[in-house]
Every structure is written in C-alpha cells, then in structure tokens.
Amino acid sequence: MSVELDVFVGNTTIMDEEVYQLWLDGYTVDDAVAVRMEGGALQVFEASMEVLHSDTMDQFRTFQMCERLLYYPSKLTNQLLFQIPPQKQAMLIERYYEFDSTFAREVLGKKLSKGTKKDLDDISTKTGITLKSCRRQFDNFKRVFKVVEELKGPLVENVQHHFLLSDALARDYAAIVFFANSRFETGKRKLQYLSFQDFAFCAGQLISNWTVGAVDNMMEDMDVDLEKDFLHNLKELKILINDKDMLDQHRNLVCAQLRGKITVFGEMEANFKNLSRALVNIAAKLTHTKDVRDLFIDLVEKFVEPCRSDRWAIGDVRLFLTHYTSTAHSLDSFRYQQIWERYMGVIKSCILKMYHD
Amino acid sequence: MPGKLKAKIVAGRHLPVMDRASDLTDAFVEVKFGNTTFKTDVFPKSLNPQWNSEWFKFEVDDEDLQDEPLQITVLDHDTYSANDAIGKVYIDIDPLLSSEAATVISGWFPIYDTIHGIRGEINVLVKVDLFNDLNRFRQSSCGVRFFCTTSIPLCYRAVVVHGFVEELVVNEDPEYQWIDRIRTPRASNEARQRLISLMSGELQRKIGLKVLEMGGNAVVGYLQCFDLEGESGLVVRAIGTACTLEKLSGGGATNNAQHTANSSPSKDMKEPVFGDECPSNPLSSGPSTPLRAPPFTSFSPSKSYSRQSSSSDTDISLTPKTGMGSGGSAGKEAGPLKILLRQQTQTALEQREFPFFTLTSFPQGFLLHVAGVVSARSVKLLDRIHNPDEPETRDAWWEELRQEIKSHARALGCHAVVGYSESTSICEEVCILSASGTAAVLNCRFLQDGCLDVLSEHSRGVVVFFCNRCDDSAPPGCGFCHVPYDELNMPFPAQLSPCCCCHRTKVPDVLFTTIDLPTDAQVTGKGCLIQARLCRLKKKSQGEGNATCISNLLPFLEYELHTQLLNKLKLCGMNALFGLCIQISVGENMLVGLASATGVYLSALPSPGGIQIAGKTPNDLTYDQHVSSIQRKINDTIVKNRELYEIHITEVAEDVIGSPIPEPRQRSRLFRSHSESSDELSELDLSHGKKDAFVLEIDDTDAVEDLHSLLTDAPTPPGFYSCNTEIMPGIYNWTSAIQMFTSVRVFRLNNANLTNLGLNKIFNELCENLLKSLYFKLRSMVPCCLCRLNFTVAVPEDELIQVAVTAVAMSFHKDQTQEANKAAQAHSQMKAIAETEEQLQFPLELNAESASPLSPKGSAPSVDYSSFADRCSSWIEQLRLRAHTIRRGSIKTSSSPLPEGRSRSLRSTRSFPGSSVSVVKMTPLSFIPGAKIVKYLGIINMFFIRETTSLREEGGVSGFLHAFIAEVFAMVRAHVAALGGNAVVSYSMKECVFMENPNKNQAQCLINVSGDAVIFTRESDQEGHLPQTSHPQPTEDTPP
C-alpha cells in the first residue's frame, strides 16, 4: 500500500521560501522534511509527517521544473508554464543566484572550467556545503561568466541586465567574473585570512578604476580586462624609487606630514624606503599577466605583513598611504601624477580592506 | 461560403534546439484549417524566429468554422530528411463566431507536443469575417453562446429559460483503429486530439441548432463529457439548459417595463415553436424509443400518480390549520388558484420531454419547492458502435435514465428536476451510467396575474420577519424547504414537521439537494464539506456476469453512502446537504463510491437529533462501557462541531419535550421550536420516530464501519472552511486572493487479500490525507475557504485508486466587518434584491395548454441491467431522500456575495520589470471575489493527451503528471489571454485519465478541461459593498 502518485498544481505556483532554501542548499527530500519538522512545521495544523513529506516532494519537483528557467532568468519572466507573481519571481532568481561566500572564496580566481568541477568534492568536504549546492553555485558562476565575458559595457550592469539580480548581488558576480577572468591568485596560504568580501571589494575597485571602461565611458569597451596602456605606463613610476633624490624627498615630505600623527613614526621612517619600493615595484610588474595574478599576494607579502609585524594600526596605515600618495604631487620632477593617483587610489583602498587579521 | 478565417503567424520564442550541430532551429509553420494548408517561410537558425507572415485566408462554411479547430504546426526544416515536428497549437475559433464574444485572438500560445510537452511559444493572430446571412444555413448555429456556468451568467438576464438540451456524437477511437499498430504514438495522440476537437465542435453546433429551434440564443450550464469506451468507440455527449439571454447594459438596473415587454412577446412567439418542433426533432427520441415508464417498484405507481389529482387539496387544507388568522385565510383563498396554477405548470412541464435544468442556482422566484435528490443508474455492456452516424443505442440508454429521473421527480410531487447532471464510469466493457438531480417545483408563471397570491401563500409566515426589508414580492428564506408532496401520501417514509421559520408549512427533517444553496436561504452558522466514502470488493468477471454483479452491488453501495452522509451530517449538527454529488466508479475488482456535499443548518428545518449508539449485548458491562465511551465521543464531537460551525440555535421550548428517549444531551434542542402551534399529536410521534432512525448498533459490522469513518474524519484546521458549492454560508467578506488548484493522488493497494473494511479504511485515509495536505499547502491563505471542492475518483487499474481534486481557495477577512455594517447592508441588500428581481425574473417557457402525454402506464419489463438501477434508486428514495422545498425564491445570480476589492492581494500588484505575461485567474466558481465580470468571451473546452516513453527521466509518474497539469493550466491561460480575457470562471477538469506502465518506462494521460473565458474588472471600494448578502439571524421561535 503506497501512494504511487501525488501532485499538487496551483494556478498560481505555490512556493515556500523556506523549502526553496532547503532545496537550494542541496538537501534531499527526507533531510528537508527532518529540518522542517525541527523547525516546527508540524505544529502548524497538526500536520503529519506524510503531509510534510508530500508538500516537500511537491515543491522540490516544482523547483526542479523551474530550474531550467532560472538558468536564464529572463526566461522565467516571460514563460507561460508557471504563473508566478513578480515579487516571487524576483525572490526565486535572487535566491538561486545567491552563494555562500565561503564557497565563492574557494573558487575565486580559479578557472571556471570542467576541471575545477572535480575539485567541488573537496570544496564540499572542506566547507560543509552540500555537493549539490556547490554544483549549483559553481554552475551559476560559470554561466554568468560565459554570458558576460564577451559583452561590452559595464560589467555590473551586464550582469544585472541578463540575470535580473539585485545591485549588491550583481556586484559580487562582477567580482567573481573579474577574478576568474584575470585569474588572480587567492589560494596561497598567506591570503587565507582574506574573505570573499575583501576580494569582492578589491575587485570592485579594480573594475571601476583600472579597466578600460573606467576611464573611457564609451560603451563598446569591455569591463573585464585591465587597461593595457595604463599597466604599461605604470612602469614610469619606477622613477620614485630609482631616483635617490626623489625617494629621499618623498620620505621627508611624508615624515613632515606624519610627525606626531602616527604611533609608529619611527618604524615608518626606518621602513619608508622598503615600503615605497614595494609599492612601486608592484606597479611596475603589472605589465606581465603573471605578475598581475600575484597582485594580492604581493600586497600582502610586501606591504601588509611588514606593517603588521611593526604593529601598525589601521589608522596609521591609512594616514601613511594618504600622505604617501598626496606628497608625490609636491615632488618637482615627478610628472606622472595622473597615473600615480589612479594607481594609488586603488592600492590604498585595497590595502586598507586587506589590513586585518 | 459564409465566412473567412484569417490567420497570421507573427513570431516564436524559446523554441527547442532541433539541430544539435548548431544548437539552433530552422523553424517554419504550417497553418491548417479543414483541408487547406498554408506555410510560412523558414526562419533559419534561430530559437526566436520572427516570421511576420502574410494573412493566411481560409474561405469556409460556417459549419466548418464551428466544427474545426485551426491547427498550427511548428516544424524544423531539414534539407535532407523529413521535417521534424516541434509541436502544435489547436485554436478553437468558436469564440470569434459570436458578435458578443471575442473579436480577435492574438497572443502567445504554448507549442504543444504530446510526447515532449510544451516546447516554446508562438505568437498568432486570428480573425473571422462572417457574412451576415449566416442564420439561413441550417447546419450551423453560429452565434449561440455557450456557458459552463451553471447559473445565469453575471451581466446577463434570462429572458426565457427554454429547458433541457442534449446531444451525443460517437466515433471510433483512433487509438483502437488497426492503423494504430503501425503509426507512432505521437501520430495516434494527435489523431485523437484532433478527432475529439472535431467532435466537440460538431456537438456544440448540433446543440446550438436545437437551441435555435427552441428560439433561444444561449446554452447555460453546458456540460460536455467524453466516454472513452475503448474498443467500442468514443462518445462525446453534452447536456445544457437552453436560454434566451439578454445582456444587461452596463450591469445596471434594467427597468421592469422593458423586461416585461421583452419577455412576453418572446414567450408568445416561442411557445408554438416549441410545441411544433418538439415532436419533429429527430433527436428527441421520445416517441420512437420504446419507453420504459420507470417503475417505482417499491411503492405502487398508482399510488404516487393518483396523488397528483388529490394531493394538492390535502396539501392546501393542511396549511391553513396552523392558524394565524389572516395568513390562514389568505392561504385558503389562494388555494384553488394555486392548484390550478400548479397543475398548469405541472402539465406544461410534463408535456415537455424532459423538464430538466442543468442550472444549480436560479434567479429569484424561480424555485418554489425542492423535494430531494433523484438519481438513477444503469449498468450497460458496451458493444461496438457500428454506425457512428446513428448513435441510437447510447441515446436510448440515456433516454431511459432520464425517463426514470422524471418519474422519480413526479413521485415526489415535483414537475421539474434542477441541478441535473449525467456521468459515466467505464471499466473494460461495463459501463455505469448515472444521472442525478434535484426534484423541484418551479414557478413558471412568475409574472402573470395570480402569481402574487401563490407567492403570498408561501411567504406569509416569513413576511413578518422580513417586512422591513422586503415587501410581499420578496421571497422568504424558507419557502424552498417546504415539502411539495403531502403528508398523507408521502412517497417514502419521512418525518415532517412544521417549518421553523414560518411555522405554517411542513418541512422534512433533512434535505438533500444537488443544487447550490439559494443565496437568500436562511442558514444558521457556517457550512462544511461532508463526504461519504466507500469501497466494495467485487469478483473479477466478464461480460454479463460482471454487469449483473455490479448491478447487485450498486443499491447497497448507494444505501451505505447515504447512511454515511446522514450520520456525518448529524455529527456536524446540520440538517441539509447542498451540491450533493455521488460518484460511483467501477474497477475490475472493486466499486468505489464517493459522495460529496456541503452540509448546512437550514433555519427552517428542525434541529437534527443526536446519534445514539446501542450495543447488541446489553448485559456485558465492559461492553457497555465501550458503548458509552463511543457515545460520549460522538456527543462531544457534535457539540464541538456546533461550536466550530457557529450553529447556535435559540431554544425556546426545551420543556416541551418530555420525551421518553433515554438519550441525554442534544435532546433538548430538538424540534418543537414553536410551542403555540398546537397542532397534531403526530408531531411528538414523529420526534420519536426520528430518534430511532439514528440509533447505531455497533455490533453490526456496517455500523462499526460507519462509526469508524465518522470518528476518523479530522476536523478542518482552524481558519479553514470547506464546501463543494459556490458559496459558503456565513462568509461574505472575501478578499481578492484566490488560488485554484488541482491535486491528484494515486494509491496502490499492494495487499491482494483486502477486506471491504480494510479497503474502506484505506480509501478514507486517502481522502482525508489529501484534504490535510491541501490545508497545509494553503496555510498561508488563512483565514480561507476551499470552495467547489470537486473530488473525482477512478479505478484506473486493478489495484490503483485515483483521486483528483480541483477547487479554489479564497481568503476572507477575519474580522466580520459586516457585523458593523449590518444596517447598511440590510439596506443595500434590499436594493440588491429589488434589482435582481427586476433583472432576473423570467418566465419559463411552457406550453401550459397541452395535456400531458406521459401517462403512467405500467412499465414494459426491461431486459437490460437498468432494472437494477431502478431497484437501487428506489432504495434511495425510500431510505434517504428527504424532501425539501425550494423557497420560491431568489437566487441573486448576478450579485454574488463578493467582498470589495478593497484589499488587493499582493499577488495582483505587479511592479516587477520585464514580466510580459499577463495574469490569468482561474476559478471553478462562477464569480471572482471583489471583481465584476464585464464580458464573457466564450467557452474554453480543451482536450490534451500527453505520453512519455521516458517516465523515469521525467521524474516518475508524479513528475510526469505534475508537468502535464501545469502545461494544461498554461495552455488554458494562454488561450484566455489571447481572447483578451483575464480569467476563467466555472473552470473544471472533467477528465483526468492516467495510465502507466512503469516496466516499460511509459505513461499516458488524457485531460479534459472546460470553463468560461471572461474579462473582469476590479470593483472600486465603495461600490463593492453592495452585493453582499447578509443572512438575517433567524429568530425562528418568535411567533409572528
């Protein structure tokens, strides 16, 4: 004796957000029923376990049928099969594309290829996120990447337009696409302390300041790649460290500004040349794709770690970077003010974001 | 060549990938109507082709326009091999043939394939140019409107109700033709879909012709069904009520003068027509068929018929006795007139072949009395239909059943049957035909002189209560309960008691009907869904043996269903059932019966007694304890239910009952609510008799079963109400949030050695669990009511039971704001009543002069199995049919109890960008809460087949059916939207035949749905208050 078939179809498709989340999280029906029971669903109307099971099955099936529409959310909005109120549609899409930042952190900067998919098992074990959910998130990354990769115009807007996501979520996806495209190194042990949000912030900075689209409002340009000319020009900054006079002058100006304002003045004065060299060298190296990938590890190794070992406070770092950047304008023979600003603006905000434990 | 059909193919979207190499499709479209086919160009390499074709023009007869669907096929062009079909769209162009319906069909249609389901969408434009002289063509009936709605459609007024129309057409089922062995499943499915589409077009046209002959212009309560008889063929049959409808201008007040002017000429005109045509109508097989006058075997025909002449006198003489001076005398005076009128009406109706009405709710004043449910069943052996053009056998079968129904009604002193419906259940070569309805007395001389007297005779008692809001033309809320037959000549044993509202006429103790609750019926508290469920095992056998076996089982099944219903009704503390629908499905080794109805407490009827349990072995102490504990449980349940359904009865005359019956509790609330009407001794006796009727002896296995099912029914969870009728008494303030749904369950009985008892338990649990699941699913809508809960059961295979439910959940405002507004509403209601009366009163088209041709001759002994049906239906009549009377009163068809659109639901507000799909509401009800239906666009009647050979891959049977039902909804919505509509009302799923073969990884499902496409507009806040019905609390015990 068994229920062989059990379906419920509403003219307006009924979707419970809680069950949807369980589905997205990759629960099996049985597990989802267990979770719902713990959550007190049984108390509602003295529902029995069978009722809960039937409801869960039904909704999981509905979600499964919707899933192919969610691959390209614009399809969901003009399909005829399910009558779903617009707010619900928005919820479905947003939730479907939401991801666990721990998962995103793991795949950040990796190539979104099939090869990586095999690593999903490991990531699942490591993060405790179900494999099914990992698959979904990974496939989402890949799908968004594929669609947006070749498109012109602002990255965030492209994501938003094609996937109907909220602004915040679209920015996160832009970061993921950007990282995947430039393949930044994020996996080194020294970078482990950085969260997805740290990187997403940095990506946002890079996208809005260092890409072609950043300077040039012309829509036909792509937002995914860093501007080649700019990177090339960064070489010119080397003068700041190669010209000894300039380096000394720069140090003096910075020290003059910071005297009495920061607690680690002595260390700063002693280390100035090293720090300045580090920052300028990073800039100069960005011409090579490989070195671009190492941007974050370089920042950590060459700047963040030395400062941290000298126990700089974040306020100290901020003051230093601010004045380090601005005093360069007072250097008589320094002609690359614009590039310097563009470079240091991003570097400063990235470092500040990354400067924590 | 009276019509030109034009079609234009605009674009496609979301097409499937047909070419794996390029991941694209080279799509083109074939447009076919009749034998003419046009093609679009190929739009290469696109999943979103833009064809923008020219207008394809078909010049056709309007007969074809009615029969044929427009067939659109989307294909993938392939240079080297045959073009692959992507899918099809069938468009019924019938809605374009009436000037009042849709004018253009334009929109996105899902492209449907019977194997793959929906595969993308196509944008199509369709128009029809009709030439003016179309009425001269005899074979077509363009312009006749069809409505599934079983009441006069909102925004129409019935000028004349002509009566019953029926038709059936038969054909060979393509699935069983020899060619099916060599063609693909797709081809066979498409052949079937197309054939059924053609047949239903033809059927509609033929019915339309009959309507035109009768002088009508519309069919209301159109019910079309398919009988898949397998080898022996395919039957499409339909019944309906022919009417002459008139559009209400602006939904406003129609004035009375116009109304009278309209109706009387049409009447004059029509009557002769009807009289003439009726006999000549080739399809009304009346004279030609060997009439088997239905034997009411259990009580002598002579008795029931002799009653006709004498009964009315007795009837009348009884009434005035109850004494209130003026009322009595008035009644007396009205007496002779009434007799006369009634006889006239009666003869007029009798003269008509079948005085049946498929309507379930009526304009005010139409229904005088309701006597009870009449039903008939017969078991037939199917044989091959040899000549599809002469479906005589099937016609004759139905003819017999209808005759039987008619005679049952007559035995109940009624001349008409309302809420009439027909159904079949087929298993292999055995077929059970069922017909049921509610015997009623109609007021067909509503507008003539003298009718006022008749009215007053019935309304007198209540007028007192209502005098402040309705004058003598307003009908009382109790009149329909009054029995139409007289006490001395009752057709079956029943207990009559004086009406608790007017105290003047007799009412039965219980009333069963198939109609909707009349809107102005006086009801105490709320109603609830009541179901009786029963399974009976049967031996597997073949042919005649099988039919005999089924015939033998049927009466018992029906009897037990009725007992169960009655017990459950008592348990709910209620006394009347509306919308009763009894389904009996036959399988190879079992019969399944499911009776659903909505129980209510009619204020006019006496309060139901309790249920008393008695043990058979009275001396056993432990046994007594057991019995008394059950008794306690039952009593508690009754008390609880009364609380739940807010049935608070004002008891005045407790003391009167010095009844010797040893039942402790509910006793006191029993009848005798009016002490002063000193009358007959018999009343006391009656009460005893009544008590006895509900003693259950629990040694009896049946009783144990009954008890079991009584006590296992879980109450609806808080915040939920349920009913299977259009409206729920006691709930008026609906929000606009509605959710229509279909749920299907199939249960497999793995255990081969089931007993009846075990089987019943399983079936009962199946239904209960299904309901529980529904409540849980819809919990977000609380407080809400599930309306029009329509259950269908089937036994698709040996060990499978299938239950399908379609219903609508409607939220309402918890705070009964109407309490506050009561005064205002009483006022507006008065207005509404006045209005609706003007709008909706209509004369029955009757030929009162002619004599009744149907004399009650003794029946020729029938050879077939339907005699069993007689037996069984007489069982029912004897045992269960309780009569009621229809108050001659009023159904406010046009103003259904809607709340205002004040609280727009979240669902309906859309602000999300990019949603290009318009929302289409669906509901099995005839109205949409908080909205006004401004236009009926035409009938939706669609038939789909879906088949799969990859069942597992599609998510098993549940995944398969889930997708299919969703697809059917989507296609219905798309068609409605293309007609320019935004809702389907009176939606129903007529058929859901599911077959599976998991071993072969295959499944097939057929679904037939229907409804009325409409345009509705939201009412503005203020206006919305108007049409609410407030049921005045009946103060039954106050003597007038």
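Modeller: In this predicted model, α8(A) and helix α9 (residues 155-163) of chain A pack at an angle of about 115°, with their axes 10 Å apart; axes are lines fitted to C-alpha atoms, for helices over the stretch in contact, and angles run from 0 to 180 degrees between N-to-C directions. That angle makes α8(A) roughly perpendicular to α9(A), a term for angles of 65 to 115 degrees, while those under 35 count as roughly parallel, those over 145 as roughly antiparallel and the rest as oblique. The two helices cross in a right-handed way, meaning that the near helix is turned clockwise from the far one by less than a right angle. On the side of α8(A) the contact (heavy atoms within 4.5 Å) is made by A:R143, A:V144, A:V147 and A:V148, and on the side of α9(A) by A:L155, A:N158, A:V159, A:H162 and A:F163. Sorted by class, these are six nonpolar, two polar and one charged residues, where Ala, Val, Leu, Ile, Met, Phe, Trp, Tyr, Cys and Pro count as nonpolar, Asp, Glu, Lys and Arg as charged, and the others, Gly among them, as polar.

A:I129 counts as buried because its relative accessibility is 11%, the limits being under 20% for buried and over 50% for exposed, with partly exposed in between (1.4 Å probe, protein chains only). Leaving aside residues up to four places away in sequence, A:I129 touches A:D100, A:T102, A:F103, A:S124, A:C134 and A:Q137.

Another pair in chain A, helix α1 (residues 17-24) and helix α5 (residues 86-97), packs at about 30° with axes 10 Å apart, and α1(A) and α5(A) are therefore roughly parallel. Their crossing, too, is right-handed. Here A:E17, A:Y20, A:Q21, A:W23 and A:L24 of α1(A) meet A:M91, A:L92, A:R95 and A:Y96 of α5(A), a set of six nonpolar, one polar and two charged residues.

As for conventions, residues are numbered from 1 along each chain as its sequence is written, and chains are lettered from A and ligands numbered from 1 in the order in which they are written. Local features need pLDDT of at least 70 and side-chain atom pairs count only at pLDDT 80 or more, whereas totals for chains, interfaces and linings use all residues, and side-chain values use heavy atoms, with hydrogens and water left out.

Conventions:
Helices (H or I, at least four residues) and strands (E, at least two) are DSSP runs, numbered from the N terminus.
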